[in-house]
Amino acid sequence: MQIRVYYEDTDAGGIVYHTNYIKYCERARSEIFFARGMKPTLGDNNGFVVRDIKASFLATAALSDILEVTTKILTIKRSSLVLLQEVWKEEIKVFSMEVTLVYVDNGKPCRIPELFRNIFKEIL
């Protein structure tokens with residue numbers, strides 16, 4: 001997924017503020033579902049929550065840069081999955097994170113719905 005850096009994304013030094021890389025990755029994960037005309041939930045009280053993030057800030061991006069967010073599955077378990085998400089500025093990797101997502105229903109971990117498992121398997 002492509003993202004353009006706007007003024008609101010930058011800090012006082014004119015570079016992308018560090019938390020925005022996590023936001024960009026969240027948008028890319030959501031877009032996996034939105035592009036299929038659906039939401040990443042099957043009801044009111046269920047969906048994916050972040051359990052863990054391991055982030056590496058590798059380079060900088062600035063106003064008007066076009067960034068590409070890539071997403072790969074590292075593991076899928078019964079109720080969780082680990083994704084590798086990277087942000088690229090042309091051929092330069094700017095940011096990388098491993099994020100563990102858990103599917104919950106009413107606040108408790110539960111089996112990832114088969115529909116969602118299949119969607120994630122498509123992006124392998």
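## Close-up views of a predicted model

**View A. Lys93, at a relative accessible area of 29%, is partly exposed.** By relative accessible area, residues are buried under 20%, exposed over 50% and partly exposed in between (1.4 Å probe, protein chains only). The model is predicted, so local features need pLDDT of at least 70 and side-chain atom pairs count only at pLDDT 80 or more, while totals for chains, interfaces and linings use all residues. Residues are numbered from 1 along each chain as its sequence is written, and side-chain values use heavy atoms, with hydrogens and water left out. Lys93 forms a salt bridge (a side-chain nitrogen of Lys or Arg within 4 Å of a carboxyl oxygen of Asp or Glu) with Glu86, the closest N and O atoms being 3.1 Å apart. Glu86 is buried, with 8% relative accessibility.

**View B. Strands β3 and β4 form a hairpin with 3 residues between them.** Strands (E, at least two residues) and helices (H or I, at least four) are DSSP runs, numbered from the N terminus. Strand β3 (residues 66–76) runs antiparallel to β4 (residues 80–89), and 8 bridges join them; two strands pair if DSSP finds at least two bridges between them. Glu86 in β4 is the bridge partner of Thr70. Strand β1 (residues 2–4) is also antiparallel to β3, through 3 bridges, and Arg4 stands opposite Ile66.

**View C. Arg29 in helix α1 is buried, at 7% relative accessibility.** The side chain of Arg29 meets that of Glu26 in a salt bridge (2.3 Å, N to O). The two residues lie 3 residues apart in α1, about one turn of the helix. Glu26 is partly exposed, at 36%. Beyond its neighbours within four places in sequence, Arg29 is in contact (heavy atoms within 4.5 Å) with residues including Val50, Leu83 and Met97.

**View D. Glu122 and Arg36 meet through their side chains in a salt bridge (2.7 Å, N to O).** Glu122 belongs to helix α2 and Arg36 to the loop between α1 and β2, so the pair ties together parts 86 residues apart in sequence. Glu122 is exposed, with a relative accessible area of 54%, whereas Arg36 is partly exposed, at 36%.

**View E. Tyr21 and Tyr24 have the most contacts inside the largest nonpolar core, which has 27 residues.** Such a core is a set of buried Ala, Val, Leu, Ile, Met, Phe, Trp, Tyr and Cys residues joined through side-chain atoms within 4.5 Å. At least two of its residues come from each of α1 (18–34), β3, β4, β5 (92–105) and α2 (114–122).
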